[in-house]
Amino acid sequence: MITFSATLTCQYDAIFSPFSASNFQQGLAWLQNSNFDAAELCIADYNDVDVMAIARVLADHGLGCTTIASGQARKREGLSLLAEDNSLLQKTRQRIYQHIDAATILGSFVTIGSLRATDSLLSAECYRDSLAEGLRPCMDYAQKCGVTLIIEALNRYEVSHLNSAAEMQVFHDFIGAPSHVGILWDVFHANIEDQDFAQAIQLMGSKLRHVHFADSNRAFPGYGHLDFDAIYRQLQQAGYQGAISLECLCKPSAQTVIDQSGPFIQRLRQL
């Protein structure tokens with residue numbers, strides 16, 4: 001069964017969260033009242049973050065956690081799995097280990113998205129090799145802890161390589177096709193990189209573990225030109241059984257996201 005979550009931040013304000021970090025409890029109440037199944041949590045670091053307390057308050061609202069969104073640390077601290085400075089690379093890996101520890105408590109995945117960005121100009125082969133090397137100890141630790149890492153396909157304007165579903169599928173094979181590493185497919189990025197959504201979904205197959213919904217302009221679904229009913233049916237037809245998470249900008253407004261999310265996911269559930 002496909003489940004639904006939405007981005008919430010519990011630490012630093014995030015552009016994809018319709019509630020500020022200080023209003024985290026209100027955000028949880030919104031998810032519950034809108035009949036979401038879970039939250040996708042933005043956590044940059046673990047300074048003053050009580051993961052056990054977060055797990056309890058999620059449970060109090062009847063919610064799970066789909067994945068830990070780790071990307072804020074890229075902009076805040078410059079973390080990257082492709083860092084040329086070894087100390088920065090080790091700091092990035094240590095942060096991912098912390099995310100994995102948190103994921104064991106929350107029962108969630110850990111997203112690797114912006115943490116695979118780099119300011120260096122690398123060839124496709126060099127990027128692939130460097131990312132695989134940077135990820136390897138993280139993959140080993142995730143496997144030991146029973147946690148799934150999901151690597152996000154990002155568009156060419158955010159990272160230089162591994163932009164499309166096909167490229168992500170090839171990279172997954174390159175790192176040994178581990179069962180505890182999957183693909184996060186975001187339709188906003190896919191609208192730029194994937195020529196045919198149905199083919200992309202079929203190509204990723206069981207490697208597809210998490211989906212982000214945002215419209216073509218990254219606004220709330222329905223305020224761009226993507227056909228979300230069709231995309232949802234394509235996921236159903238492919239046998240996708242993971243989560244769909246709203247990760248859109250608060251456009252046309254945060255209130256729009258808050259008010260229209262419940263009816264949106266209810267409509268999809270009825271397809």
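**Aromatic pairs, helix packing and backbone features**

A search of the whole structure, which is a predicted model, finds 10 aromatic pairs. A pair of aromatic rings is described by the distance of the centres and the angle of the planes. One of the pairs joins Phe 220 and Phe 264, whose ring centres are 5.7 Å apart. The planes of these two rings stand at 65°, and because angles over 60 degrees count as edge-to-face, the pair of Phe 220 and Phe 264 is edge-to-face. Phe 220 sits in the loop between strand S7 (208–213) and helix H9 (228–237), whereas Phe 264 belongs to helix H10 (residues 254–269), so the pair ties together parts that are 44 residues apart in sequence. In both cases the label follows because buried means under 20% relative accessible area. The picture then widens, as ring pairs link Phe 220 and Phe 264 with Phe 213 and Phe 228 into a cluster.

Next comes the packing of two helices. Two packed helices are described by the angle between their axes and the distance between the axes. For helix H2 (residues 51–60) and helix H4 (residues 86–106), the axes come within 9 Å and cross at roughly 30°. This crossing of H2 and H4 is right-handed. On the H2 side, the contact is made by Val 51, Met 52, Ile 54, Ala 55 and Leu 58, and on the H4 side by Ala 102, Ile 105 and Leu 106. What kinds of residue make up the contact of H2 with H4? The residues divide into 8 nonpolar, no polar and no charged.

Found in helix H4, Ile 105 touches Val 51, Met 52 and Ala 55 once its neighbours within four places in sequence are left aside. Ile 105 has a relative accessible area of 38%, so the residue counts as partly exposed. Further along the chain lies Pro 137, 32 residues from Ile 105, and the C-alpha atoms of the two are separated by 20 Å.

The backbone also has some features to look at. Most residues other than glycine have a negative phi, and most peptide bonds are trans. Asp 48 has a phi near 60°, a positive value in a residue other than glycine. Asp 48 lies in the loop between strand S2 (38–42) and H2, and with 85% relative accessibility Asp 48 counts as exposed. Leu 162, likewise not a glycine, has a positive phi of about 55°. Leu 162 is placed in the loop between S5 and H6, and its relative accessible area of 10% makes Leu 162 buried. As for peptide bonds, the one from Lys 251 to Pro 252 is cis, with omega near 5°. Pro 252 is in the loop between strand S8 (243–246) and H10.

Arg 156 is also in a loop, the one between strand S5 (149–152) and helix H6 (165–174). A relative accessible area of 46% makes Arg 156 partly exposed. Which residues does Arg 156 contact, leaving aside its neighbours within four places in sequence? These are Asn 163, Ile 192 and Glu 193. Phe 19 is 137 residues from Arg 156 in sequence, and the C-alpha atoms of the two are 29 Å apart in space. Another loop residue is Asp 196, placed between helix H7 (187–193) and helix H8 (197–204). Asp 196 is partly exposed, with a relative accessible area of 32%.

Finally, the cysteines can be considered. A disulfide is a covalent bond between the sulfur atoms of two cysteines. How many disulfides does a search of the whole structure find? The search finds 0. For Cys 145, the nearest cysteine sulfur is that of Cys 138, 11 Å away. For Cys 250, the nearest cysteine sulfur is that of Cys 248, 6.7 Å away. Cys 145 is partly exposed at 26% relative accessibility, and Cys 250 is partly exposed with a relative accessible area of 21%.

Definitions and conventions
Residues are numbered from 1 along each chain as its sequence is written. This is a predicted model: local features need pLDDT of at least 70, side-chain atom pairs count only at pLDDT 80 or more; totals for chains, interfaces and linings use all residues. Side-chain values use heavy atoms; hydrogens and water are left out. A disulfide is a pair of cysteine sulfur atoms within 2.5 Å. Buried means under 20% relative accessible area, exposed over 50%, partly exposed in between (1.4 Å probe, protein chains only). Helices (H or I, at least four residues) and strands (E, at least two) are DSSP runs, numbered from the N terminus. Contact means heavy atoms within 4.5 Å. Axes are lines fitted to C-alpha atoms, for helices over the stretch in contact, and angles run from 0 to 180 degrees between N-to-C directions. A crossing is left-handed if the near helix is turned anticlockwise from the far one by less than a right angle, and right-handed if clockwise. Ala, Val, Leu, Ile, Met, Phe, Trp, Tyr, Cys and Pro count as nonpolar, Asp, Glu, Lys and Arg as charged, and the others, Gly among them, as polar. Rings of Phe, Tyr and Trp (its six-membered ring) pair if their centres lie within 6.5 Å; planes under 30 degrees apart count as stacked, over 60 as edge-to-face and the rest as tilted.
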